[in-house]
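Colleague: I'm new to reading protein structures. Could you walk me through one?

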Amino acid sequence: MSDRSMLKVYYDADCPICRRDRARYERWAGEASASVAWIDVNRHDERLRRRGVEPKAALLSLHVEDAQGRIVDGIDAYILLMRRVPRLRPLAWLIGLPVVRPLLARAYRRWVRRRLARQGRLP
């Protein structure tokens with residue numbers, strides 16, 4: 001899979017874990033990382049609303065916009081990103097399995113809410 005079309009990733013840049021994950025992704029993606037624009041959800045409320053995403057929803061879940069303007073969020077956003085990186089493709093396949101996806105999605109939502117609550121930023 002060599003799709004290098006531009007992706008826009010709306011992520012929480014105020015989250016240290018999210019920043020580390022972004023840096024790791026960029027390292028692993030190599031040249032493919034040039035086709036990913038990282039947009040901080042904490043500083044682009046109006047841009048998010050124009051794309052049909054409420055800022056609160058963007059803070060609670062990773063959102064990715066593809067070159068056609070389609071936006072996916074949560075686990076589907078992670079899968080879209082991971083499919084671009086050869087070493088992450090098997091993981092993308094695994095988390096996309098019908099049994100795994102809903103369990104992981106529920107755990108992800110719970111983790112994000114706890115993280116934001118600890119930081120005093122839960123919307």
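This is a predicted model: local features need pLDDT of at least 70, side-chain atom pairs count only at pLDDT 80 or more; totals for chains, interfaces and linings use all residues.

Colleague: How should I think about a core, and which residues have the most contacts inside the largest one here?

Modeller: In soluble globular proteins, nonpolar side chains tend to be buried together. Here the largest nonpolar core has 34 residues. Val9, Tyr11, Tyr25, Trp38, Leu62, Val64 and Leu81 have the most contacts inside it.

Colleague: Which elements give two or more residues to this core?

Modeller: They are β1 (7–11), α1 (16–29), β2 (36–40), α3 (55–60), α4 (75–82), α5 (89–95) and α6. The one that gives the most is α4, with 5 residues.

Colleague: Okay, on to salt bridges. How many does the structure hold?

Modeller: The idea is a side-chain nitrogen of Lys or Arg within 4 Å of a carboxyl oxygen of Asp or Glu. This structure holds 11 of these salt bridges. Take arginine 121 and aspartate 12: their closest N and O atoms are 2.4 Å apart. That pair links distant parts of the chain, 109 residues apart, with arginine 121 in the segment after α6 and aspartate 12 in the loop between β1 and α1.

Colleague: Is aspartate 12 buried or exposed?

Modeller: Buried means under 20% relative accessible area, and aspartate 12 has 3%, so it counts as buried. Arginine 121, at 21%, is partly exposed.

Colleague: What about aspartate 14?

Modeller: Aspartate 14 also forms a salt bridge with arginine 121, with the closest N and O atoms 3.8 Å apart. Aspartate 14 lies in the loop between β1 and α1 and arginine 121 in the segment after α6, so this pair ties together parts 107 residues apart in sequence.

Colleague: Which residues do salt bridges with shared partners join into one network?

Modeller: Asp12, Asp14, Asp40, Arg43, Arg115 and Arg121.

Colleague: Last one: which residues gather in a patch of positive charge on the surface?

Modeller: For a patch, we look for like charges joined within 9 Å. Here Arg106, Arg109, Arg110, Arg114 and Arg118 gather in a positive one. One of them, arginine 110, sits in helix α6 (residues 100–118) and counts as partly exposed, at 45% relative accessibility.

Notes: Residues are numbered from 1 along each chain as its sequence is written. Side-chain values use heavy atoms; hydrogens and water are left out. Patches are made of residues with over 30% relative accessible area and no salt bridge: like charges are joined within 9 Å, nonpolar side chains (Val, Leu, Ile, Met, Phe, Trp, Tyr) within 5 Å. Accessible areas come from the Shrake-Rupley method with a 1.4 Å probe; for residues, only the protein chains shown count as cover. Lys and Arg count as positive and Asp and Glu as negative; His and the chain ends are not counted. The place of a charge is taken as NZ of Lys, CZ of Arg, CG of Asp or CD of Glu. Helices (H or I, at least four residues) and strands (E, at least two) are DSSP runs, numbered from the N terminus. Buried means under 20% relative accessible area, exposed over 50%, partly exposed in between (1.4 Å probe, protein chains only). A nonpolar core is a set of buried Ala, Val, Leu, Ile, Met, Phe, Trp, Tyr and Cys residues joined through side-chain atoms within 4.5 Å.
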